[in-house]
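I open these notes with the sequence and the model side by side.

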Amino acid sequence: MRPFFIFATLITILFFLSLIKSIKSLQEEELYQDEQESDRVYNLPGQPKSPSLSHFSGYITVNRENGRALFYWFFEAQSEPSKRPLLLWLNGGPGCSSIGYGAAVELGPLRVKRHGTGLEFNKYAWNKEANLLFLESPIGVGFSYTNTPSDLNKLEDGFVAEDAYSFLLNWFRMFPQYQAQDFYISGESYAGHYVPQLAELVYDRNKDRKNYPYINLKGFIVGNPETDDYYDSKGLVEYAWSHTVVSDRAYRLVNKVCDFRLFNWTHECSNAMNMVFDQYKDIDIYNIYAPKCNLAQASSSTYETNAKRSFLRKLRMYSGYDPCFSNYAEEYFNKPDVQKSLHAHVGGKINGTWQVCNDSILNAYNFTVSSVLPIYSKLIKAGLRIWVYRWQGSSNWDKILCGISGPPPQVSVAALVSQQPGWWEVCGVPRADHGNSQRSRPFGASQHACRGPCAHQHLFDGPTAPQTQVISPCSQLYAFSFFLDRMHLYMC
């Protein structure tokens with residue numbers, strides 16, 4: 001009887017342990033469900049009644065000791081969110097809001113109407129294909145904040161990446177149902193630094209399963225990214241000259257006195273570059289063919305002339321945008337009922353006002369990284385999928401991308417050329433062959449951007465210039481779908 005008694009006792013113990021574990025699991029599930037529901041957005045002022053959207057917003061603490069918290073706005077995919085990938089979106093600046101730009105103007109499902117009177121549904125929103133997570137980063141941007149003012153003096157790429165990584169870990173604890181889903185990081189402008197640096201941090205820590213939870217990172221997307229100081233600076237000058245924004249004299253002077261390989265420009269170079277900046281006082285540096293906004297700007301200057309290389313730190317804007325959209329966004333997101341619905345509190349506001357861009361973050365930011373190309377080389381070799389899209393003249397990607405790693409890099413490059421309001425043109429089709437390079441399809445994430453070391457040059461001129469096709473906002477959604485290998489056909 002004794003062996004039977006021991007066996008029965010063990011079975012009973014295992015049963016109770018299993019029961020305790022189940023109860024604990026149920027309690028944890030109820031806890032995170034309660035936390036999720038507390039961040040669910042109901043009755044957002046001005047939101048269209050249809051179609052229905054499931055979205056959440058609020059704060060995730062990234063450092064309890066200093067009281068740092070980042071604000072997010074999350075939209076579940078419009079269909080089958082449990083089967084769709086998760087996309088994190090970051091805007092650049094540094095100092096510009098992913099809520100005010102990415103979510104409310106560009107790819108989110110709710111766009112702010114003129115004069116901030118309400119919201120309208122974006123039928124080409126990327127949450128048709130993925131769950132969208134917009135993050136206001138770093139601290140001091142939008143509603144994100146710190147209770148320790150000295151934190152704002154520490155802002156640099158590594159600091160920002162660590163906070164964003166901490167955000168992800170804590171957000172996944174709150175939304176564990178997305179932990180195992182395919183994950184992509186995306187953004188534009190100075191997020192050309194944020195995105196690959198965060199991707200590298202996730203990739204490295206995924207190797208240490210004992211100390212860090214695994215994040216199912218599959219790749220990243222960057223649009224008009226700041227990537228390498230030399231090429232970005234040179235590209236801006238070349239664009240200004242080739243589009244007759246500056247004179248031949250100014251162009252020759254910049255080329256004579258500026259060495260953009262230097263991290264700190266000489267006094268002569270700064271003076272020469274100010275001649276370039278001065279030409280943009282009366283036109284929009286982001287779209288030289290668009291009108292400027294005549295409304296009084298509530299925040300964020302169009303460009304800076306004195307901050308070191310700050311012209312590169314500003315958000316790249318799309319062709320065809322309303323030049324006053326930032327005013328409309330600020331009118332909307334500063335409404336008390338909107339902030340209440342989004343769970344945004346006063347502690348997360350800058351000087352009592354939500355701003356699309358906070359120039360004090362730009363001016364205080366410590367620029368310590370001149371190039372993220374080594375990260376591209378590392379992550380390409382690791383097998384991550386990368387999509388780079390740019391507008392003509394935004395940087396010299398056609399000259400630098402294919403030389404950063406050995407074959408075969410999994411990179412897609414689409415060059416976007418503004419043509420008329422609301423439209424893009426895509427250059428770079430398979431038969432556009434330059435030397436030993438092979439261009440990928442504009443949206444062909446599964447295709448190789450090049451075979452071995454190569455340099456794409458003169459893509460837009462000469463008898464072998466590639467054919468082009470017009471790409472609408474609908475086609476941009478199609479491009480994103482293609483990158484995810486879903487290949488849905490949108491009737492554009």
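I take a disulfide to be a pair of cysteine sulfur atoms within 2.5 Å. I keep in mind that this is a predicted model, in which local features need pLDDT of at least 70, side-chain atom pairs count only at pLDDT 80 or more, and totals for chains, interfaces and linings use all residues. I number residues from 1 along each chain as its sequence is written, and I note that side-chain values use heavy atoms, with hydrogens and water left out.

Entry on the disulfides.
I looked up how many disulfides the structure holds, and I find two. In one of them C96 is joined to C357, with the sulfur atoms 2.0 Å apart, and the link is right-handed, with 105 degrees about the S-S bond. This pair connects distant parts of the chain, 261 residues apart, since I place C96 in the loop between β3 (86-90) and α2 (99-106) and C357 in the loop between α9 (336-341) and α10 (359-364). For these elements I use DSSP runs numbered from the N terminus, where helices are H or I of at least four residues and strands are E of at least two. I record both C96 and C357 as buried, a word I use for under 20% relative accessible area, with exposed meaning over 50% and partly exposed in between (1.4 Å probe, protein chains only).

I then turned to C258 and C269, which also form a disulfide with sulfur atoms 2.0 Å apart; this link, too, is right-handed at 105 degrees about the S-S bond. I find C258 in the loop between α6 (248-257) and α7 (267-278), and C269 in helix α7, 11 residues apart. Both cysteines, C258 and C269, are buried.

Entry on G187.
I located G187 in strand β8, residues 183-188. Is G187 buried or exposed? I count G187 as buried, because its relative accessibility is 1%. Beyond its neighbours within four places in sequence, I list W89, L90, V195, I221, V222 and G223 as in contact with G187, contact meaning heavy atoms within 4.5 Å. I also checked F134, which is 53 residues from G187 in sequence and 9.7 Å away in space, C-alpha to C-alpha.

Entry on L10.
I found L10 in helix α1, residues 2-38, and I class L10 as partly exposed because its relative accessible area is 49%.
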